[in-house]
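Colleague: I have a structure open and a few things to ask about it. Can we go through them one at a time?

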Amino acid sequence: MKRSALAAALLLASPVAAVAQNAPAVTQASALDTAVRLADWQLGRMGGTGISRATSETRKPRAWEQAVFWVGMTALADAGAPPRIRKAILDMGRANEWLPGEKPYFADDHAITQAYLWAARNGAGAGARAPTKRLFDQVLAEPAMVSLAFYVPPEGYGAAECLKRWCWCDALFMAPAAFIELSRQTGDRRYLDFAMREFWATTDFLYDPAERLYYRDSRFFERRDAKGRKEFWSRGNGWVFGGMARVIPMLAKGSADRRRMEALFKDMAARIRTLQKPDGYWAPSLLAPEQSPPETSGTAFYTYGLAWGIQAGLLSRREYEPAVRRGWSALNRAIQPDGRLGFVQQVSDRPEKVEASDTQYYGVGAFLLAATQVAALDRRPQ
């Protein structure tokens, strides 16, 4: 009786423990079934329905917002989803004529090529990667020679010169996996070498080793809130963390790049675990959790990355699985009565407000990635 009373008191005293205690055990079937239902919901609304703040890119089928959804779909197909998921990816690629986005040097416009390269390995053949190869050959032949410093000229954000390189942390999800996968499929090491050179240049520039987090871009180096805290954007760091979970398995075991990236991944994971809120979410501004809303895009990328890290043997299951379970429970609570994934911060480059009705393609894509790794974690013996 005394032990029971003590346990109850400890749960009440520790919100994190209480959430972990109440989080339902998730099975492979339930995680993947939930993901397939959400994927079907999104597939039925690819015209932008339900997106509360659509941008000029939102309805473009080759732009990054939809591209990240398709990246999640490739992971879902690999995890054993029904054949219609694979078919949807192939149909999308054919409808796009396997073309990358509009800007040849812009990492966001490379994101869709990750789905095309998956398709090339899953029935579409070499034709699915041919336009990507032509574009990447152009990038390698005439690499951008610009600074990583982010300066917005009078013409506007899109005219920033540094966008021809990976000068914002989101780019580390969008482009490296595509270059490395093309290297794997063609046997041409130049694509890998380019990706690693640019990845480490961006990391050396934007990673704060004291905080073990990435600034979104150089405009945020000096930004502080009213309490003097640095501003580290949740989804921005989620892009990097989720991107590493995709890239590391593509690198040769024991290679210098893989060893260095694994060390970076573990460094970030240790910090990220400490920043999870008791309700399972990560705050839009990672160092400012007080009174912050639920936010699912960053939370999904962290849940995905941590679960993958356990699977890969880089993270201790005992230490990190509670964070994964809290994150997955939080993501499931964010699914709204109409079937949408809510609380997805809309397109931005910094923390902003989030509403329950807010959804976005990239948030769904991140959810699908998280679901596949939660399912894999459940298959692994304790």
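**Disulfide and other topics**

Modeller: Let me start with the cysteines: a disulfide joins Cys162 to Cys167, with the sulfurs 2.1 Å apart. Bear in mind that this is a predicted model.

Colleague: How many disulfides does the count come to?

Modeller: The count comes to one disulfide.

Colleague: And which hand does the link of Cys162 and Cys167 have?

Modeller: It is right-handed, with 55° about the S-S bond.

Colleague: Are Cys162 and Cys167 buried or exposed?

Modeller: Cys162 is buried, at a relative accessible area of 2%. Cys167 is buried as well, at 1%.

Colleague: New topic. How many residues of helix α9 are buried?

Modeller: Nine of the eleven, in a helix that runs over residues 176-186, so α9 is largely enclosed by the rest of the structure.

Colleague: Which ones are they?

Modeller: The buried residues in α9 are Pro176, Ala177, Ala178, Phe179, Ile180, Glu181, Leu182, Ser183 and Gln185.

Colleague: And what covers them?

Modeller: The cover includes α6 (112-124), α7 (130-141), α8 (171-174), α10 (189-206) and α11 (234-247). Just after α9 comes Gly187, which takes a positive phi of about 75°.

Colleague: Now the largest nonpolar core. Which residues touch the most other members?

Modeller: Trp70, Trp166, Phe179, Phe199, Tyr214 and Met244 do, out of 130 residues in that core. Helix α15 (residues 361-379) supplies the largest share of this core, twelve residues. As a general point, nonpolar side chains in soluble globular proteins tend to be buried together.

Colleague: Take Phe199 from that list. What does Phe199 touch?

Modeller: Leaving out residues up to four places away in sequence, Phe199 touches Trp166, Leu172, Pro176, Tyr214, Met244, Met261 and Leu264. Of these, Pro176 is one of the buried residues of α9.

Colleague: Back to α11. At what angle do α11 and α13 pack?

Modeller: The angle is about 30°, and the axes are 8 Å apart; α13 covers residues 296-311. Angles under 35 degrees count as roughly parallel, so that is what α11 and α13 are to each other. α11 passes α13 in a left-handed crossing.

Colleague: Which residues make the contact?

Modeller: On the α11 side they include Arg235, Trp239, Phe241 and Arg246, and on the α13 side they include Phe301, Tyr302, Tyr304 and Trp308. Glycines take part too, among them Gly238 and Gly242 of α11 and Gly298 and Gly305 of α13.

Colleague: Last one, arginines. Is Arg258 buried or exposed?

Modeller: Arg258 is buried, with a relative accessible area of 13%. Its place is in helix α12 (residues 256-275).

Colleague: What is Arg258 in contact with?

Modeller: Setting aside neighbours within four places in sequence, Arg258 is in contact with Ile248, Pro249, Leu251, Ala252 and Lys253.

Colleague: And where is the place of Arg326?

Modeller: Arg326 is in helix α14, residues 317-333. Arg326 is buried, at a relative accessible area of 10%. Between Arg326 and Tyr281 there are 7.8 Å in space, C-alpha to C-alpha, and the two are 45 residues apart in sequence.

Conventions
Residues numbered from 1 in each chain as written. Predicted model: local features only at pLDDT ≥ 70, side-chain atom pairs only at ≥ 80, totals over all residues. Heavy atoms only, no water. Buried < 20%, exposed > 50% of the residue type's maximum accessible area, 1.4 Å probe, protein only. Helix = DSSP H or I, 4+ residues; strand = E, 2+ residues; numbered from the N terminus. Contact = heavy atoms within 4.5 Å. Core = buried A, V, L, I, M, F, W, Y, C linked by side-chain atoms within 4.5 Å. Disulfide = S-S within 2.5 Å. Axes fitted to C-alpha atoms, helices over the stretch in contact; angles between N-to-C directions. Parallel < 35°, antiparallel > 145°, perpendicular 65-115°, else oblique. Left-handed = near helix turned anticlockwise from the far one by under 90°.
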